[in-house]
Amino acid sequence: MSEQHRPLPDSTLSLPAEGYAWLPDRRRRTAGPAVRARVMGRRTTALRGPEAVRFFYDERHVHRHGALPEAVRGTLFGHGAVHTLDGEAHRVRKAMFTSLLTNPGNVAALTESVAGAWDEAAASWPDHRQVVLFDEAARVLARGVCRWAGVPLEEDAARGTARDLVAMVDGFATLGPRHWRARRARGRHERRLARLVGAVRDGTATVPQGSAVDAVARHRDADGEPLAPRTAAVELLNVLRPTVAVCWFTAFAAHALHRWPQHRGPLRGGDTAYAEAFAHEVRRFYPFAPFVGGLAARDLSWRGERIPARSLVLLDLYGQNHDDALWDEPYRFDPGRFLGRAPGRDELVPQGGGDPRTGHRCPGEDVTVSLLRTLAVRLARLEYDVPPQDLRIPLRRVPTRPRSGFVLTAVRPPAG
């Protein structure tokens, strides 16, 4: 019996148990170009590599509508989000995001807002017995993005808002307590932001022209209608939440600087090319999203492998970012691999692949790189001690992070 027709055991339970290693381990044991599995009772084909990225993001091949489990829609993305759309509906909604998040002026303004929030917070850190960097970075990012987006945020609410936005990311891949915290957090903020959108539309609240709140409130979908208030709130959260999720990469940057302190010098010196390369390498080396998925639009063939219509198709992001066919010594942290060359669009895929203007690639990738580049420089210039703590990054946990959150003590003002 061929591998394509051999009955496959369901991997729904083993997937969360193995985490990021689930697909790469199966890829190593597979002779063909694709990994075959069964997830939630559905036949599944997993692909990797630049050619696979182009195949996956071609809407003639793979659709997103109906592919995301309710557990993910109810926590990470929200019901009715742009991630769940295809075709013209997706393109029109996506254009709103690209106008906000890929415009160089907007990227610079958001980065400046977050940098200002970091500097304000860091000035108080010498007074603290310890600083949990993951938590502090989340609060800084929440304050910065809300200021930029036109979302009112009182100072005493910043910590709770950051905690809720982190929970939405932290709870999507589990059905335990993290999942229910994520659902409750999403519900709170969807209600709050829906009220804000309604107030902007009826003139009882004003926000800066061109801000994210203004853009979402004014947006008209492919049918010519404005977004329902709750859907508008979902899409506002899809600006705020991914920005706050940069706290994962910030903690990873601190982890890298602790393990390989030789990278501090170029960052402290303000070498912008090195800071960019460092940001890309943090995103490549450290685990973030394990994979993305969609449904086969019709009966397909991938390098001779049959993919039945409506079966699940996965793109192995973590495996591709550590594929020795693409990266020399992929488990070595080396920003130098990105010096003198920008990463290929469909090679480096921590936030998905394809064209962010028309496909499902995260439109906030430019924002992520800009923020990480800026915060890595500030982190490298900060003086602090790293006390004994659990800095392991468990690959079974999705999304993962340093167990301790990366604790700093004896924080001193930036050197120089």
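In which loop is P350 found? In this predicted model, P350 lies in the loop that joins α15 (317–321) to α16 (365–381). Because its relative accessibility is 3%, and buried means under 20%, P350 counts as buried.

Once neighbours within four places in sequence are set aside, P350 is in contact with R283, F288, A289, L317 and N321. F288 is 62 residues from P350 along the chain, yet the C-alpha atoms of these two residues are separated by 6.6 Å.

## Helix α4

Helix α4 spans residues 70–77 and is mostly covered, with 6 of its 8 residues buried. The buried residues are A71, V72, G74, T75, L76 and F77.

Just after α4 comes G78, whose phi is positive, at about 95°.

## The open sheet

Five strands form an open sheet in the order β1-β2-β8-β5-β3, and their pairing is mixed. At the edges are β1 (35–39) and β3 (62–63), each of which pairs on one side only.

Strands in a sheet pair through backbone hydrogen bonds, in either a parallel or an antiparallel sense. The pairing between β2 (residues 42–47) and β8 (residues 312–316) is parallel and extends over 4 bridges. Within this pair, T45 stands opposite V313 in β8.

How values were computed. Residues numbered from 1 in each chain as written. Predicted model: local features only at pLDDT ≥ 70, side-chain atom pairs only at ≥ 80, totals over all residues. Heavy atoms only, no water. Buried < 20%, exposed > 50% of the residue type's maximum accessible area, 1.4 Å probe, protein only. Helix = DSSP H or I, 4+ residues; strand = E, 2+ residues; numbered from the N terminus. Pairing = 2+ DSSP bridges. Contact = heavy atoms within 4.5 Å.
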